[in-house]
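Here is a walk through one protein chain, written for someone who is new to reading structures. Keep the picture open while you read.

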Amino acid sequence: MGRVTRIVIVGGGPGGYESALVAAQLGAEVTVVERDGVGGAAVLTDCVPSKTLIATAEVMTNFADSHQELGIYVDDGTPGTLDRPKVGVDLDVVNKRVLELAQAQSVDIANGLRRAGVDLLRGSGRLDGPRRVVAELEDGTTETLEADAILISTGATPRVLPGAVPDGERILDWKQVYGLTELPRELIVVGSGVTGAEFAGAYQALGSKVTLVSSRDRVLPGEDPDAAEVLESVFKRRGMRVMGRSRAERVERLGDSVIVHLADGQTLEGSHCLMAVGAVPNTQGIGLEESGVFLKDSGHVRVDRVSRTTANGVYAAGDCTGVFALASVAAMQGRIAMYHMLGDAVSPLDLKAVASNVFTDPEIATCGYSQAAIDSGEIDAHTVKMPLSRNPRAKMQGIHDGFVKLFCRPGTGIVVGGVVVAPRASELIHAVSLAVDLHLTVDQVANAFTVYPSLSGSLAEAARRLHRRDRV
């Protein structure tokens with residue numbers, strides 16, 4: 001019987017814990033070194049808590065947007081106020097629930113790893129060459145771990161502007177918002193990417209007065225332009241102040257207020273400021289370059305499509321690679337790394353099949369090739385866009401904003417991408433993801449049964465229209 005392969009994983013986020021499960025299943029001896037808790041930022045300070053907060057905000061938005069249209073009201077006991085229902089949130093209660101759920105999820109993952117035979121060490125890991133990890137444990141001791149292979153999955157942390165250093169009270173990064181016990185009166189969100197847009201929409205729904213500061217000309221500059229236009233329109237209609245082409249230079253705290261100084265000389269005053277200006281990889285000071293791991297100028301680890309770094313036997317997964325800041329991609333990178341290292345069948349990472357979602361209201365889900373790729377000539381594809389306002393189920397639910405969009409290749413009709421802007425778009429995009437991954441044609445999508453009435457019916461209708469377009 002051969003010697004058991006020893007694998008050490010530095011970082012217990014999605015890339016780390018998913019790879020650990022795969023490696024253990026394939027018979028390896030696996031150790032995970034994690035500093036903050038199993039699940040990493042995705043579970044403890046990012047995906048799980050933010051989406052839990054957004055779930056509360058979604059209930060508020062659904063009620064505020066549709067109570068009159070659907071004939072629902074709340075009687076607060078005051079005569080003549082049935083058209084003005086009073087619904088509010090206790091942010092302290094909301095955030096306690098957020099953190100409890102995140103911790104419970106972390107515990108569940110840790111227990112699953114232990115059941116699989118994975119050894120968990122609480123501490124910080126650094127490489128001492130491509131075959132050794134030195135773990136500085138939280139009890140002050142140090143443990144040296146010899147390894148046949150190492151996976152780096154150390155994630156990223158919020159980027160800090162020199163003139164806007166978070167204090168955890170009035171100037172916040174997205175890890176610190178769950179410490180708030182009272183709803184911000186006036187929240188200024190700096191940064192209009194996915195994180196900024198999600199928090200801006202959530203806090204507006206919860207009852208804060210929100211200003212969103214974007215250095216670009218629109219919200220969500222990296223997303224489908226039609227989708228971003230819908231979301232910005234919804235934000236403004238609900239009372240959000242959106243400031244495009246405005247760059248924040250510094251943030252000043254004055255007692256219980258904050259002053260945001262813009263590059264053009266303007267100033268914005270609020271009660272709190274949330275900085276959402278990107279993230280930096282956690283790759284410094286952990287022995288990567290000294291062990292032969294090449295880092296890009298951005299600090300990200302360079303990896304190939306099977307997650308290998310430039311150091312033999314060292315792999316990397318997740319946000320520290322800069323490939324795609326999604327938990328699902330991190331997990332896939334980690335699994336691919338272990339399949340490759342342990343000699344199992346493996347398919348290289350295919351980013352053309354990645355499905356992603358922005359958890360705003362409405363949600364924005366995308367998969368496959370983008371509108372930008374089509375417009376730039378990267379790929380030749382036909383496009384059909386179906387507004388949800390024509391969908392019978394949307395009418396019944398009082399949904400007025402959103403659309404579905406499908407892209408297919410001319411001639412073959414193979415689906416190569418799509419966009420869904422709708423409530424629960426994250427669920428609807430799976431049909432598009434399957435079509436892209438399995439190279440289905442628009443005819444195959446159109447001929448599959450959909451429930452009537454349903455929002456998914458718009459996907460089938462878009463496919464039928466692409467059938468006609470493909471024959472023209």
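An unreviewed UniProt entry annotates residues 355–462 as "domain: Pyridine nucleotide-disulphide oxidoreductase dimerisation". Take that label with some care: UniProt positions are given in the numbering used here, feature names are shortened, and annotations may be inferred rather than shown by experiment. The model you're looking at is predicted, so local features need pLDDT of at least 70 and side-chain atom pairs count only at pLDDT 80 or more, while totals for chains, interfaces and linings use all residues. Residues are numbered from 1 along each chain as its sequence is written, and side-chain values use heavy atoms, with hydrogens and water left out.

Over residues 355–462, the chain is 33% helix and 28% strand. Helices (H or I, at least four residues) and strands (E, at least two) are DSSP runs, numbered from the N terminus. The end C-alpha atoms of this stretch are 19 Å apart.

The peptide bond from Asp 361 to Pro 362 is cis, with omega near 5°. You'll find Pro 362 in the loop between strand E18 (355–358) and strand E19 (363–368). Another cis bond joins Tyr 452 and Pro 453, and here omega is about -5°. Pro 453 sits in the loop between helix H11 (442–447) and helix H12 (457–471).

Arg 424 has a positive phi although it isn't a glycine, and so does His 439. Arg 424 belongs to the loop between strand E22 (415–422) and helix H10 (425–437), while His 439 is in the loop between H10 and H11. How far are they covered? Buried means under 20% relative accessible area, exposed over 50%, and partly exposed in between (1.4 Å probe, protein chains only). The table puts angle and cover side by side.

| Residue | Phi | Relative accessibility | Class |
|---|---|---|---|
| Arg 424 | near 60° | 44% | partly exposed |
| His 439 | about 55° | 56% | exposed |

Leaving aside neighbours within four places in sequence, Ser 106 is in contact (heavy atoms within 4.5 Å) with Gly 37, Val 38, Val 43 and Leu 44.

Tyr 339 is in helix H7 (residues 327–341) and counts as partly exposed at 25% relative accessibility. If you skip residues up to four places away in sequence, Tyr 339 touches Val 22, Leu 26, Asp 344, Ala 345 and Val 346. Tyr 339 and Ala 355 are 16 residues apart in sequence, and their C-alpha atoms are 22 Å apart in space.

Finally, zoom out. The secondary structure of the chain comes to 12 helices and 22 strands. Its radius of gyration is 24 Å, close to the 23 Å that the globule rule gives for 472 residues, so the chain is as compact as a globular protein of that length. That radius is taken over C-alpha atoms, and the rule is 2.2 Å times the number of residues to the power 0.38. Along the principal axes, the C-alpha atoms fill a box of roughly 75 × 65 × 45 Å. Of the 472 residues, 50% count as buried. Among contacts between residues at least 6 apart in sequence, 62% join residues at least 24 apart.
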